[in-house]
Structures are given as structure tokens and as C-alpha cells.
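I opened the notebook to record what I looked up in this structure. My entries follow the order in which I checked things.

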Amino acid sequence: MSTVAAWFRLVRAGWIMTREGVVGALPGDQLTGPPRTAWGIAKLLARRTTRSRERSQRMTRAINRLGPSYVKLGQFLATRPDVVGTDIALDLANLQDRMETFPTALAVAEIEESLGRPVTELYETFEEPIAAASIAQVHPATMIRDGILEDVAVKVIRPGVRRRFYNDLESFFLAARLQEQFVRSSRRLKPVEVTKTLAQTTKIEMDLRLEAAAISELAENTKGDPGFRVPWVDWERTGRDVITMEWIAGVKMNDIDGLRAAGHDLAQLAATLIQSFLRHTLRDGFFHADMHPGNLFVEADGTIVAVDLGIAGRLGKKERRFLAEILYGFITRDYLRVAEVHFEAGYVPRTHDVHAFAQAIRAIGEPIHGQPAETISMARLLTLLFEVTELFDMQTRTELVLLQKTMVVVEGVARTLDPAFNMWRTAEPVVGDWIRANLGPRGMLDDAREGLGAMVSLARQAPELAARTERLSREIDAMAENGLRFDDETAHKIGRAEARHTRSGRIALWVIAATLVWIAWQMA
């Protein structure tokens, strides 16, 4: 029955998108055959009142009607222009995760159930909510910490949000599987894998202990960094459904007039923001992936404080080296090296010609060198690079796309602070230091040390590997002699799976028929 419910929820979402004019506003001029006919019908079914609205307004209205799960989906897809296209990603980027607050009594119940103590014992004061989003809302409060009365922010999970998200995620997976099955060109983008990433991201966001852990890790990584920090977390008052952290009283970074009035150097703030982000990315391989200006505050001494770490990105050493070598290759105009890095990392199949790939990369790099440095966008460079790699069958790398999206946001904030911001000059000290440390002699020694450690570990496992090899050899010989055999349980499971697949197909047809009748009744 869950499959039937997923079909109904998916059809309902499609109907709302159609009625709000979202489907008809999508680019469809290049479609042919049945898809073109369906697009034309969708345009006719849209409400008349929606036709005068911009596409982004139509999307916002439709997504808000569909509820919190779709708001989160829209925000997630805004980070994936490789999946939905650049124009639609820009439309979704304007989507605001703002919801109605829920009663304080429900928040108190959530806190007391999660922490096992009454709110009056946990906090000196606990006030009404000041902001709410699809997953949680924030309450101002005070508490005693080390004998001092401290202002804190208490973030509380929205009641029932997990069940709602899990139900809607089933529909998202159904849509992704249908896309992979019927739209061959989309398989390179791995829709099911993208949906799994959304599911994992949402699960992490809905366990506030994990957000607290991310804040703690970033705090540890940046404790010696100039001009940047994150709030402290009170672990005694933090659980799955609640997180208590330091209240930040600085000026929001989107309040440019407020920053000027407070006497801050906007150009220095821009430089500190970019250098901090690059340090987190290259040095630590762990970065705040939602650094829009609403999540950034500036304290009186000019320190930038980042909040709301529900979304974080990670890069392994391989990905960090890949990024650094690409940037260095563009700076030195060594396009062949940039191409070779893609092949060495295994991102571009060996079936392609490295020199042809280098030629395509040159088409990106050469125009950049003819521009003033302050007009060159590092984020735009990565965006163009990803567009070119599509031509050479580069598989989507979720962690690199998240990095590129975050870099677009961070660089945009920096240019808002300082319109003459020079991205390359600001980034050079951080990127240059990392390249010298990791791609120079010291980096080679570190690689050799890691390689030696791997060899020692392999040597320790040699007896077990030999036993496994011998066991596998015997099984292969037995298979060659007797053939491949299934036991009764395996054969029974295969039969059940085939029967379920056939039954699901029949159910889908009935759902579609029922939906068409319902639509006809609605329009009557």
C-alpha cells in the first residue's frame, strides 16, 4: 500500500505543479512527440491567474502549497544545477525556508521528552519563537553556565516532521526511479543517487545532535584562525530534537548599512570570509555548506560567526588535491595538466583523448586571462568547467557540486561587501600555502609515509587475504564443475520479487486511471 500512497502523492504534486503553472513555464520548445504534447496540455491546465507571474514566483507558490518536504527538496535542487539546469537552480535559490511557528507548548514538550528534564530546570527563561523553518524553530532563552547568566538560542524540531519527510521521500524515490527508467539521458546524473543524498542530508538535519557535532568539529578546526568562529554548544541541553547554543548578537552580513554604521571594514570582511572558507575546504576538508548572509554575523571586533550548520560538506584528500591542481593549472595556463588531473582522478573515462579535453578546457581559461582580475569569478570558472566535463562523460561528483554551489554563495557575499573584490589575489595565500605543503617536497614525504603505512597494513592482513583467496578458488572450481545453483530460499525470494514487480505495475495503472477521473471531476 505504501507504493500506492507514493503514486497518489506524486500525482498530487504533479497536479499542483501543473495548476500553478510551473510545468508550463519550464523550457519545452525543443521537445518533440508525446512530451511536447504533454507540455502543451500542462500550459492549458494552468490557472489563468498564474500566467502573469514569473516562473520563480510560480515555483515558490507551488512548493509552499506542497509543504515542508518540497521546500527542502527545492532548496536541495538549488544546489544541483547539474541536475535541474542553471536557470531553474537560480529560480529555486530564491526559495525561502520560512514557515509558520508552532505553539511554544509543543516545543516545551519536545524539549522535555528529548532531554528528560523540565524546561524550568534547564533554562532560567524560555521565550516565544522568533523564527521557524521547515524542520525546526528557534527560541531565545537564558541559562546559567559556569556561574554566569548566558543568552542562548534553543533550536527545536517541528513535531511530526520526520514522518512527513519519510512519506514524501518515498515519492521522491519513485520519481527518480521512473526518470532513470524512461529518460536515458538522465542516467549520467544518477537521479536515485541524488535522492539518496537528499534523504541522508535531511536525516542529518533532523538529528540536532549531528548539527551540534558539526559545530563542535568546525570550532576545533578553526580555533586558531583569525577573524572566524562558530557558537559554542551546551551539550547538557542538546539532544536529538533540541540544540542549545550561544546566542550571537552581531550584525547580520546581509545588513550592509548596519555593518557600515558599526564601523566595519567591508573589504577586510570579504577577504576574511573567502580565506576562511578556503582554509576549511583545503586544509580541513570540512566546510559549512550553507553560508548565505543570513547565517553569517559580524561581532563588534570584526569576527565573523557562522551559524546553522545543518548542511556541511566534506572533501577527501583526493578531491582537495584535484581542486588545488585545477586552480593552479588555470593560474599558470597549464591546461594539459588540468586535463590530466581529471583523468588521474578517474573522473573522465580513459576512452576520451586527454589532448581534446585540454583543448576544451583552454576554451574556458583563455578568455579569463584577458579580463581584469577583479572581474574573474572562481565560482563561475568551476561552473563552466563542470559544463565542459559533461561533454566528456564526467560522472556527477556530489561533493564537488556542493562545493561549487557554496563557493558561488560565498563569493557572491564577498562581492556584495566589496564590488571591486579580487578573488584570485585574496585566495592566493591560502591556495598557495596548501599547494606548497601538499604538492611540493613536504607533500611527497607525507604521501610516502602514507604509502608505507598502507603497505605495513597490507602485510599484516596477508595471511587472511591468502586464506580468502584459497577459499574463493575452491568455490570457483566447484562452480565450474557443478554449475551455478540457487538454494530454495534464494529461488523463493526471486519469485516473490517478480510477483511484486508485476503487481506494482497493475497498481500503477489503476492509480493513473483513478487520478485521471479525479482530474476530470475537478475540471467539471
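These entries go from the whole chain to sheets, helix pairs and single residues.

**Entry 1: the whole chain**

I noted first that this is a predicted model. I then looked up the secondary structure and found 23 helices and 11 strands. The chain has 524 residues, and 45% of them count as buried. I read off an accessible surface of about 27900 Å². Carbon and sulfur atoms account for 55% of that surface. I also checked contacts between residues at least 6 apart in sequence. Of these, 68% join residues at least 24 apart.

**Entry 2**

I started with strand 3, residues 136-145, and strand 4, residues 148-157. They run antiparallel and are joined by 10 bridges. I looked for the residue opposite Ala 141 and found Val 152 of strand 4. The two strands form a hairpin with two residues between them.

Next I asked how many bridges join strand 4 to strand 6. I found five, in the antiparallel sense. Strand 6 covers residues 242-246. Lys 155 has Ile 243 of strand 6 as its bridge partner.

**Entry 2: Asp 151**

I stayed in strand 4 and picked out Asp 151. Is Asp 151 buried, exposed or partly exposed? Its relative accessibility is 47%, so I put it down as partly exposed. The cut-off for exposed is over 50%.

I then listed the contacts of Asp 151, leaving out residues up to four places away in sequence. Asp 151 touches Ala 141, Thr 142, Glu 246 and Trp 247. I checked Trp 247 separately. Trp 247 is 96 residues from Asp 151 along the chain, yet their C-alpha atoms are separated by 5.5 Å.

**Entry 3: two aspartates with positive phi**

I looked for positive phi values in residues other than glycine. Asp 146 has one, near 55 degrees. Asp 146 sits in the loop between strand 3 and strand 4. At 71% relative accessibility, I count Asp 146 as exposed.

Asp 308 is another non-glycine residue with a positive phi, of about 60 degrees. I found Asp 308 in the loop between strand 10 and strand 11, the latter at 312-314. Its relative accessibility is 28%, so Asp 308 goes down as partly exposed.

I traced an open sheet of four strands in the order 5-10-9-7. Its pairing is mixed. Which strands lie at the edges? Strand 5 (228-229) and strand 7 (251-252) do, each pairing on one side only. I followed strand 7 to strand 9, residues 296-298. The two pair in the antiparallel sense over two bridges. Val 251 has Val 298 of strand 9 as its bridge partner.

Helix 14, residues 266-284, packs on this sheet. It touches strand 5, strand 9 and strand 10 (304-306). I read about 45 degrees between the directions of helix 14 and strand 10.

**Entry 4: helix 5 and helix 10**

I turned to helix pairs. Helix 5 spans residues 68-78 and helix 10 spans residues 161-182. Their axes come within 9 Å and cross at roughly 55 degrees. That angle makes helix 5 oblique to helix 10. The crossing is right-handed.

I wrote down the residues that meet. Helix 5 contributes Pro 68, Ser 69, Tyr 70, Lys 72 and Leu 73. Helix 10 contributes Arg 164, Phe 165, Asp 168 and Phe 172.

**Entry 5: helix 15 and helix 16**

I took helix 15 (residues 317-332) and helix 16 (residues 335-344) next. Their axes come within 8 Å and cross at roughly 165 degrees. The two helices are therefore roughly antiparallel. I logged their crossing as left-handed.

On helix 15 the contact is made by Phe 322, Glu 325, Ile 326, Gly 329 and Phe 330. On helix 16 I found Tyr 335, Arg 337, Val 338, Val 341 and His 342.

Which residues of helix 16 are buried? I listed Tyr 335, Val 338, Ala 339, Val 341, His 342 and Phe 343. Last, I looked just past the end of helix 16. Gly 346 takes a positive phi of about 80 degrees there.

Notes: Residues numbered from 1 in each chain as written. Predicted model: local features only at pLDDT ≥ 70, side-chain atom pairs only at ≥ 80, totals over all residues. Heavy atoms only, no water. Pairing = 2+ DSSP bridges. Buried < 20%, exposed > 50% of the residue type's maximum accessible area, 1.4 Å probe, protein only. Contact = heavy atoms within 4.5 Å. Areas by Shrake-Rupley, 256 points an atom, 1.4 Å probe, with all protein chains shown as cover. Axes fitted to C-alpha atoms, helices over the stretch in contact; angles between N-to-C directions. Parallel < 35°, antiparallel > 145°, perpendicular 65-115°, else oblique. Left-handed = near helix turned anticlockwise from the far one by under 90°.
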